[in-house]
Amino acid sequence: MCSDVTSVSAPPGVPQSVVDWVSEVARLTQPDGVHWCDGSIEERDRLYDQMVAGGTLIKLNPQLRPGCYLARSLPSDVARVEARTFICSELESEAGPTNNWAAPDQMRQTLAQVFSGSMRGRTMYVIPFSMGPLGGDISKLGIEITDSPYVVVSMRIMTRVGLGPLAAISAGQPWVPAVHSVGYPLVDGSGQTRPDVAWPCNEEKYITHFPETREIWSYGSGYGGNALLGKKCYALRIASVLARDEGWLAEHMLILRITGPNGRVFNLCAAFPSACGKTNLAMLRPTIPGWKVETVGDDIAWMRPGPDGRLHAINPEAGFFGVAPGTSEKTNPTCLHALSHDTIFTNVGLTDDGDVWWEGMTDQPPAHLIDWQGQDWTPDCGRVAAHPNSRFTVNAAQAESISPNWEDPAGVPVDVILFGGRRSSNVPLISESYSWEHGVFVGATVSSEQTAAAEGTVGDLRRDPFAMLPFCGYNMADYWAHWLDLGRTLGDQAPRIFQVNWFRRDAEGNWLWPGFGDNSRPIEWALRRISGEVAARDVISGRIPVPGDLNVDGLDITNAQLDALFELDPKAWAYEADLTQTYFERFGDKVPPALWDQLEQLRQRIAQTEAEA
Ligand code: OXD
Ligand code: MN
């Protein structure tokens, strides 16, 4: 029945190949009907009303949060499920040691089983979308099929959806097919029905990627990172494969446009693992006078060499899907203001006057609210009001910091790349890489600590190369080789690479650096470096500021604290170099020789520092 529904309801002009694919998915999943999304406001509002009536969304007080809604997920469906995320390349070695691999034929059989009838009793939505400004040279198209109206309204915020992308697909542009089901059919194989629930999902989850055929199939989860398939699945895992094959980069990086006091404009991309304040940096309010920072993107950058030989970056997304807890007037006022209207909140607290609240939003918590699980909550109840991974979904244009260039289809030319981790010791506040190869080495070995480091040692390090550990769609060591190749293509037009660490602590465990708006200070030093205004000191990690060059005017910081921010202990670095060797050995002979070479050069710098001490 569903193939008929599909072909009858397809908008005019849709190519037969697209109709055939949609029909095939409908035959497998057996929805009650098929809706081709046009991306209109009317469509969005109809879905909002339908989800409010069905209990999936709560409409927030329109006086306090106009156009805003709250969703509450099941406690088992609150985050990305890395253990259930698969790269299904033909060869296991193509996925590499950092990905879960599954044989494509086998996974296809599993998917055929779990998707069979998975949309019974539901509407199947077909969402044509564009990652990046429609028609841009760096942009790409996709079609997500989903049985979740929450996904439809969220995709409308996070990407460009509807008739525009469908027209481009109909004109013959390539597109990536992406199929999603929450895995909660309302009718079983024998015709028995069951009522819907507020957050349908399945305990069994599969987030799967087929790099050779460029397909995505996601089953069992309604959570954004697993279900909004344009984001991590397409814009990072599949796009990283496309980028390797086509000579560009798909990166887990924010993009900033920074204007200096003399009017010079710089563009900066930065990779940080989760929980390192990426959203705050994307909406940085500099504490040093004369500098202006604008947001181009908060999570993903697609970068391609442009006709001028420089690397140009676009933000492929149209919205922010960020972590709510900790967002406040103090930590990120720009973000907080962006959330004042037309936002979907998921798993935050609901106040008695129909507004939202999360830990860290205000100094004083409300006396009472309904928590993310729908239970009464008071400040002394011993539970959090908002899940630590509770989220907001909001259009990027709502941020007052959004750059006028954020939708430039040609992208912004990248001057600087930053790599950051969360390190309580060893890694200095900022250091510049000696070369592109050294920068790739730094990106490949970047890590965060699980535990505080004791003096002269490092705690448990979690390597998160390029902040891409869960997002690279192929062998991580091949990805490093691709970065090295691209550096050769860019030559002296390549962006300069810096490493930053906002998280260094003193021996008593106190933060050494204030962070937030003051992160503009090391960034200012990097920009003055590339403008040739300041010299640097060559040390183990790279080039660091000459004393006096880092702008600390107006900052309450002692010289001893400043020294501690840049202290490099050769013994601790030697220990880390050994850890790096073991880590590289995991990738066997795929590690590019240039990276072994960089490890050797690092060891030489350590030995030289020890000899001089
Ligand atoms: C992430 C995210 O998990 O951006 O990195 O949500
Ligand atoms: Mn991210």
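Before pairing anything off, I noted the rule: two strands count as paired if DSSP finds at least two bridges between them. I also kept in mind that this is a predicted model.

Sheet first. I looked up the strand order and got E12-E16-E17-E25, an open sheet of four strands with antiparallel pairing. For the edges I found strand E12 (249–251) and strand E25 (412–413), each pairing on one side only.

Next I checked E16 against E17. Residues 301–305 of E16 and residues 311–314 of E17 run antiparallel and share four bridges. I wrote down one facing pair there: Arg304 sits opposite His312 in E17.

Then the helices. I saw helix H9 (residues 230–246) lying across E12 and E16, at about 160° to E12. Helix H13 (residues 476–490) lies across E12, E16 and E17, and I noted about 125° to E12 for that one.

Which residues coordinate the manganese ion (ligand 2)? I got Lys232 through NZ, His252 through NE2 and Asp299 through OD, at 2.2 Å. Written as a sequence pattern, the donor residues read K-x19-H-x46-D. Lys232 is in helix H9, while Asp299 is in the loop between strand E15 (292–297) and E16, so this pair ties together parts that are 67 residues apart in sequence.

Are Lys232 and Asp299 buried or exposed? I looked up both, and both are buried; the cut-off for that word is under 20% relative accessible area.

Methods:
Residues are numbered from 1 along each chain as its sequence is written. Chains are lettered from A and ligands numbered from 1 in the order in which they are written. This is a predicted model: local features need pLDDT of at least 70, side-chain atom pairs count only at pLDDT 80 or more; totals for chains, interfaces and linings use all residues. Side-chain values use heavy atoms; hydrogens and water are left out. Helices (H or I, at least four residues) and strands (E, at least two) are DSSP runs, numbered from the N terminus. Contact means heavy atoms within 4.5 Å. Axes are lines fitted to C-alpha atoms, for helices over the stretch in contact, and angles run from 0 to 180 degrees between N-to-C directions. Donors are N, O and S atoms within 2.8 Å of the metal (3.2 Å for Na, K and Ca); water is not among the atoms, so sites may look incomplete. Buried means under 20% relative accessible area, exposed over 50%, partly exposed in between (1.4 Å probe, protein chains only).
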